[in-house]
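I would ask you to keep the sequence and the structure in view while I speak.

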Amino acid sequence: MNQYIDFNSTIYPFLSKPALLGKDEKNHYREKIKRLLKQQDAVMVAHYYTDPEIQALAEETGGCVADSLEMARFGNNHPASTLLVAGVRFMGETAKILNPEKRVLMPTLEAECSLDLGCPEKEFTKFCDDNPDRTVVVYANTSAAVKARADWVVTSSIAVELIDYLDSQRQKIIWAPDRHLGNYVRKQTGADILCWQGACIVHDEFKTQALMRMQGLHPDAAVLVHPESPQAVIDLADTVGSTSQLIKAAQSLPHQKLIVATDKGIFYKMQQACPGKQLFEAPTAGEGASCRSCAHCPWMAMNGLQTIVHGLERGGVQHEILVKEELREKALIPLNRMLDFATQLKWENK
Ligand code: SF4
């Protein structure tokens, strides 16, 4: 087994959370953000897992709310000279790699991701060097340095299709960093995959026993699961997919009740897509009753209205994403391969 960092709840109390704001303060910051976005020729690019009020503001100001693939595409195509990325650091880095001429700001650069942190460049490079006959496919949730070492970058929305394609080319694969998604993709495609053993601290916590009990309480509910969840949870799903695919499934499935196993931030867009349906959070390690057990990413939660204002007003080392040019050029190659593949796939599926 390769090396990876395992996380536990002890880190969470040390993550700074945005201040709790009253109604007037929220309005004040919302108006300020709108002004700053205009003044700075900036647009908001927000992930589905951020707070609903951030998602609403991104929509209201002409920005986007999306998964990491669509965030990358949107930032790439939008004419604004500054991108305000509300999400976690690798999303800001991806935006910068694709748009070197744009200023990329984030509410905080301390918003990390356990998959990214659990796949350090040095160890990962050794892992790849030890297996030189394999094509290296890394998930978008990785640092620029890890992307630079990869042949392909991929997001969960096209992971099965890409690995299926590489398998049809008889390529053996290194998959990193998420072990659950890697196992899921292996099961779907039968590809020869050597998996890095990282995990998402949010999806890793969904529990099968508690989920089955919930299914007992709501036998008419469909279960929607993100493939970063453990295989035993995936086995209970009616639909498995990326955030965008789960939102589409919520809309198209006939069920009026949906149990959703991914970060609860997704409920904002999911409820918009199917306003009449009842959404339930799939159970996590809730019986332990620690903050670890809530289905919300502690790093995504670091994005707040106040920190967005700080990002837009201050910029600088605490908020601006910078990627060394040499590294950027290397990381751009597998990222562009992913975007071209996704475009081709979209075109074929029309
Ligand atoms: S939800 Fe999981 S995969 Fe997404 S940013 Fe948080 S730790 Fe990373």
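**Loops, strands and domain contacts**

Arginine 170 sits in the loop that runs between α8, residues 159-168, and β7. Before I go further, please bear in mind that this is a predicted model.

The loop in which aspartate 41 is found lies between α1, residues 23-39, and β1, residues 42-47. Aspartate 41 counts as exposed because it has 12 C-beta neighbours inside 10 Å.

Let me return to α8 itself. Its buried residues are Ala159, Val160, Leu162, Ile163 and Leu166. Viewed down the axis of α8, these buried residues fall within an arc of 165 degrees, and therefore they line one face of the helix.

Which residue is joined to proline 177 by a cis peptide bond? The partner is alanine 176, and omega for this bond is about -5 degrees.

I now turn to the strands around β7. β5 and β7 pair in the parallel sense, over four bridges, with valine 137 standing opposite tryptophan 175 in β7. β5 also pairs with strand β6, residues 152-154, in the parallel sense and over three bridges. The bridge partner of tyrosine 139 in β6 is valine 154. From β5 the chain crosses through α7 to β6, and this β-α-β crossover is right-handed. How many residues of β5 are buried? Four of the five residues are buried, so β5 is largely enclosed by the rest of the structure.

The next element is helix α6, residues 121-129, whose buried residues are Phe124, Phe127 and Cys128. Seen down the axis of α6, these residues fall within an arc of 95 degrees, so they line one face of the helix. What covers them includes β5, at residues 135-139, α7, at 144-149, and β7, at 173-176. The face of α6 turned away from this buried side carries the exposed residues Lys122, Lys126 and Asp129.

Four of the five residues of β11 are buried, and the strand is mostly covered. Which strands pair with β11? One of them is strand β9, residues 221-225, which pairs with β11 in the parallel sense over five bridges. Here alanine 221 stands opposite lysine 257 in β11. Another is strand β12, residues 278-281, which pairs with β11 in the parallel sense over four bridges. In that pairing, leucine 258 stands opposite leucine 279 in β12. Together, β11, helix α13, residues 267-273, and β12 make a right-handed β-α-β unit.

Finally, I come to the domains. The domain assignment gives domain 1 as 23-111 + 300-319, domain 2 as 115-200 + 327-349, and domain 3 as 203-281. Between the C-alpha centres of domain 1 and domain 2 the distance is 26 Å. How many residues of domain 1 are in contact with domain 2? Ten residues of domain 1 are in contact with 14 residues of domain 2. On the side of domain 1 that touches domain 2, the elements giving two or more residues are α3, at 68-77, and α4, at 89-98. The largest share of that side comes from α4, with five residues. By class, that side of domain 1 has five nonpolar, two polar and three charged residues.

To close, I would draw your attention once more to two places in the model. Thank you for your attention.

Terms used
Residues are numbered from 1 along each chain as its sequence is written. This is a predicted model: local features need pLDDT of at least 70, side-chain atom pairs count only at pLDDT 80 or more; totals for chains, interfaces and linings use all residues. A residue is buried if 20 or more other C-beta atoms lie within 10 Å of its own, exposed if 12 or fewer, and partly exposed in between; C-beta atoms are placed from the backbone. Two strands pair if DSSP finds at least two bridges between them. A crossover is right-handed if, with the strands pointing away from the viewer, the path from the first strand over the helix to the second runs clockwise. The arc is that of the directions from the helix axis to the C-beta atoms. Two residues are in contact if their C-beta atoms, placed from the backbone, lie within 7 Å. Domain bounds come from an automatic or database domain assignment. Ala, Val, Leu, Ile, Met, Phe, Trp, Tyr, Cys and Pro count as nonpolar, Asp, Glu, Lys and Arg as charged, and the others, Gly among them, as polar.
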